[in-house]
Structure formats: C-alpha cells, structure tokens
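Please open the model in a viewer and keep the selection panel at hand. The stops below proceed along the chain.

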Amino acid sequence: MFRYFVLALTLLFLGLQYRLWIGDGGRSDVHRLKAEILVLESENNKLQSRNDALEAEINDLKKGEAAMEERARTDLGMIKEGESFYLIVEPQEKRIPMPDSESNTGK
C-alpha cells in the first residue's frame, strides 16, 4: 500500500514538474512573455518620445508666430510683405541626345 502511495506521489510530482518547465504557463512561456514585454516597452518609449515632440510642435504652432512663419516659408513657399524672393537656377549640363533605335527606324 505504501508503495502505491509513493508511486502516486512520484507521478504527481513528475506531472507538476512537466507543467512547470514545459507546459502552458510554465517557465518557457514566462521567459517568452518577459522578452515580448521588453520589446513592447521599447516601442512604447519610442512612440512616446515621438508624441512628445509632436505635442511640442503643436503647442509651438498654436502659441508661437515664429513657428507658423517657419512652416509657411518651408512648406508653402510663402514670403512676407516687403521681402524679395530670388530663385537661383543652376545651369544644366549640355547633353547630347543619344540616338535610340526607334528614331532611326522612322517610328
């Protein structure tokens, strides 16, 4: 009788060990979830810093006239009244057109 009791306890112990090391919710799952948490926290930190920068830019645009002027100049190409706009055009290199086969065939 005592042997069966010891055998049952041993099987129960092995079953619990299996679940602890290999089964659902075991050590491998815990390790995988901790690694996933680290990755997600890193991504959250990056997104939070991006959101903070965007929020600062929004506040600057709402309250500051200089930021609005800068946006108008760079994004929309606007100038202030009384300012002169100069467009500098770089000369293009002279290129000799290469004869392609289609123009020689008369198409």
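The tour of this predicted model visits its helices in turn.

Begin by selecting residues 2-21, which form helix α1. Its end C-alpha atoms lie 29 Å apart, in agreement with the 28 Å that its 20 residues should span at 1.5 Å a residue. Colour α1 by accessibility: the helix is hardly covered, and the count of buried residues among its 20 residues is zero.

Next, select Ser-28, which is located in helix α2. Leaving aside residues up to four places away in sequence, Ser-28 touches Trp-21 and Ile-22.

Now display the whole of α2, residues 27-63, together with α3. Their axes come within 5 Å and cross at roughly 100°; the two helices are therefore roughly perpendicular to each other. To view the contact, show Glu-57, Asp-60, Leu-61 and Lys-63 on α2, and Glu-65, Ala-67, Met-68 and Arg-71 on α3. By class, this contact of α2 with α3 comprises five charged residues, three nonpolar residues and no polar ones.

Which residue just after α3 takes a positive phi? Select Gly-77, where phi is about 70°.

Note on methods: Residues numbered from 1 in each chain as written. Predicted model: local features only at pLDDT ≥ 70, side-chain atom pairs only at ≥ 80, totals over all residues. Heavy atoms only, no water. Helix = DSSP H or I, 4+ residues; strand = E, 2+ residues; numbered from the N terminus. Axes fitted to C-alpha atoms, helices over the stretch in contact; angles between N-to-C directions. Parallel < 35°, antiparallel > 145°, perpendicular 65-115°, else oblique. Contact = heavy atoms within 4.5 Å. Nonpolar A, V, L, I, M, F, W, Y, C, P; charged D, E, K, R; others polar. Expected span 1.5 Å × (residues − 1). Buried < 20%, exposed > 50% of the residue type's maximum accessible area, 1.4 Å probe, protein only.
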